2 protein chains.
Amino acid sequence: MTGYPKFSDRLVQAIRSKKTPLIVGLDPRTRQLPGPLSPKSKDPKVVARSFLEFCKSVVDVVAPLVPAVKPQMAFFEQLGPPGMQALWEVMVYCREKGLLVILDGKRGDIGSTAGAYANAYLGANKTSVWGADALTVNPWMGRDTLDPFVQTASDRKAGIFVLVRTSNPGSSDFQSPESDGRPMFVHVAEAVEELAKKSVGECGYGSVGAVVGATWPEELLRLRSLMPTTLFLVPGFGAQGGSASDVAHAFDEQGLGAVINSSRGIIFGWEAESRKHLAGSNWQKAVELATLESIAQLRESTSAKNL
Amino acid sequence: MTGYPKFSDRLVQAIRSKKTPLIVGLDPRTRQLPGPLSPKSKDPKVVARSFLEFCKSVVDVVAPLVPAVKPQMAFFEQLGPPGMQALWEVMVYCREKGLLVILDGKRGDIGSTAGAYANAYLGANKTSVWGADALTVNPWMGRDTLDPFVQTASDRKAGIFVLVRTSNPGSSDFQSPESDGRPMFVHVAEAVEELAKKSVGECGYGSVGAVVGATWPEELLRLRSLMPTTLFLVPGFGAQGGSASDVAHAFDEQGLGAVINSSRGIIFGWEAESRKHLAGSNWQKAVELATLESIAQLRESTSAKNL
């Protein structure tokens, strides 16, 4: 592993090289697949082939434009073993195309079981079976359940993003109640920042990051200042309602410190009114335009313009 | 689905039929497989075949003795797509042998993604691809992220077990801080009990259950009284240190209301000093003895004797 950079350094390098913090979520949904890739039957094997073709075609468009993709495991798991095989092939393809893969599985469990998840997913450099550069992780079960992920990530120069403050409306139920004068998400944030500090790379950020939703701009500001060493993965931009100015606080002055995810708004780009004419065989053009528009929005309203 | 009982009723019926609340966790670990099933190479396909054979052999022993098994997804995910195929085959085999399958994946995500997980796993009656009777679910992201699981479980007569208070030492980090005078796990417990009430079956328990660790006996008592309609899935019995008397509070007077999981203590039963002579080709006998001992301990120290 000599010479192979830490996850945070690889991600920052990729952000600088593509000059954008935008990443693309790969969330294939059967009913929204473009006409030419619509599966001919409901057989999971047939649908899995469609998902694979669709994701590869999206990757062909976005690979030159963005630093990373975020496959959402649930949509692949939905198809059973053929779906898992398709996910595996999608991840291989992403790496071949030079994209970092942030796998969105929100895993979490106790000791040796967490160790098994970490072993499964973390390590893009031929060090794990699945080969993800990073994995999203759920902290509810406690700090000791994060440790096996952190250790494996450190050993294999991979990363994790811990769910600190999620983008959904109901995230306030258990993340926002205050204890000792701070909301629970701040308790988690403190634990994550501590782990980020211990894994800091040459870029100044650690390989233990945080998921912080675009839908809570004020909390994003607060968390940015509480977590100066932590890379943010920001979902909720685009289809979920977060605007480019909402995510501005996620960045440092150089435009670093965060990746901003958009899934549906990009991969089903022809569903937007302005791109409806591209539905059908020109769907990839719609994906490209949607990606470029998101990149432009982030440059206009955030310090990503300084990249 | 007419005539097909709700999950809680099926589970209670199975507990009554087997006269025990013990369930067996299927957590295959390469290094602990019995000699005859030890994989000949590290190739994930080869190891996955060993996992499948091992789990089927364990199921052969425990199917007449216990109501349900709990496969731990992490160990299968660790082997990539071949591991997922093996898990799928294990689940088919469990159902053929008349066991309920409580799949331990601790999934959780926002709206439509949670819907995809629910669609993937929930439904044993040929209603889902994976065919689990129930799935463990992580509540950290909020009540709205539980809803798609609850809805699908209701539609398909399946169940979920929400992580309320987990068995690991670090679970106090984010589950125990107090807000409004109650620890966070009680906040979650209140939400779960509300959902359990809405899904109550003829047995008096709902199909939305709670994971409550055996390692916190006083909290188990408190939660039992706060959650009268909620089925408990209790991990931490056996290898993790919880004793039969520690879990006594999980039950009502009839010995119902909870299932008690043991994984390593049973499936690697020959590792106990008293059963070391059964290592090797007699390993299944050790699994049988370990199961019978656990059943006896629960009968001796809890109201499970009344089943």
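Tutor: The copies meet through the same surface, because 100% of the interface residues of chain B are also interface residues in chain A. This is a predicted model, in which local features need pLDDT of at least 70, side-chain atom pairs count only at pLDDT 80 or more, and totals for chains, interfaces and linings use all residues. Residues are numbered from 1 along each chain as its sequence is written, while chains are lettered from A and ligands numbered from 1 in the order in which they are written.

In the interface, 49 residues of chain B are in contact with 49 residues of chain A (two residues are in contact if their C-beta atoms, placed from the backbone, lie within 7 Å). The elements of chain B that give two or more residues to this side are α3 (73-77), α4 (81-96), α5 (111-121), α6 (143-156), α7 (172-175), β6 (178-179) and α8 (184-198); helices (H or I, at least four residues) and strands (E, at least two) are DSSP runs, numbered from the N terminus. The largest share, 6 residues, comes from α5(B). By type, the side of chain B that touches chain A comprises 22 nonpolar, 19 polar and 8 charged residues (Ala, Val, Leu, Ile, Met, Phe, Trp, Tyr, Cys and Pro count as nonpolar, Asp, Glu, Lys and Arg as charged, and the others, Gly among them, as polar).

Next comes the barrel. In chain B, 8 strands form a closed barrel in the order β1-β2-β3-β4-β5-β8-β9-β10, with parallel pairing (two strands pair if DSSP finds at least two bridges between them). From one strand to the next, the twist averages 30°. Strand β10 (residues 258-262) of chain B is joined by 3 bridges to the parallel strand β9 (residues 232-234) of chain B, where Leu233(B) stands opposite Val259(B) and Phe232(B) has Ala258(B) as its bridge partner. Another 3 bridges join β10(B) to β1(B), also in parallel, with Leu22(B) opposite Ile260(B).

Finally, helix α1 (residues 7-18) of chain B lies across β2, β3, β4 and β5 of chain B, at about 125° to β3(B); axes are lines fitted to C-alpha atoms, for helices over the stretch in contact, and angles run from 0 to 180 degrees between N-to-C directions. Its buried residues, among them Phe7(B), Leu11(B) and Ile15(B), pack against β2, β3, β4, α6 and β5 of chain B. Just after α1(B), Lys19(B) takes a positive phi of about 55°.

Notes. A residue is buried if 20 or more other C-beta atoms lie within 10 Å of its own, exposed if 12 or fewer, and partly exposed in between; C-beta atoms are placed from the backbone.
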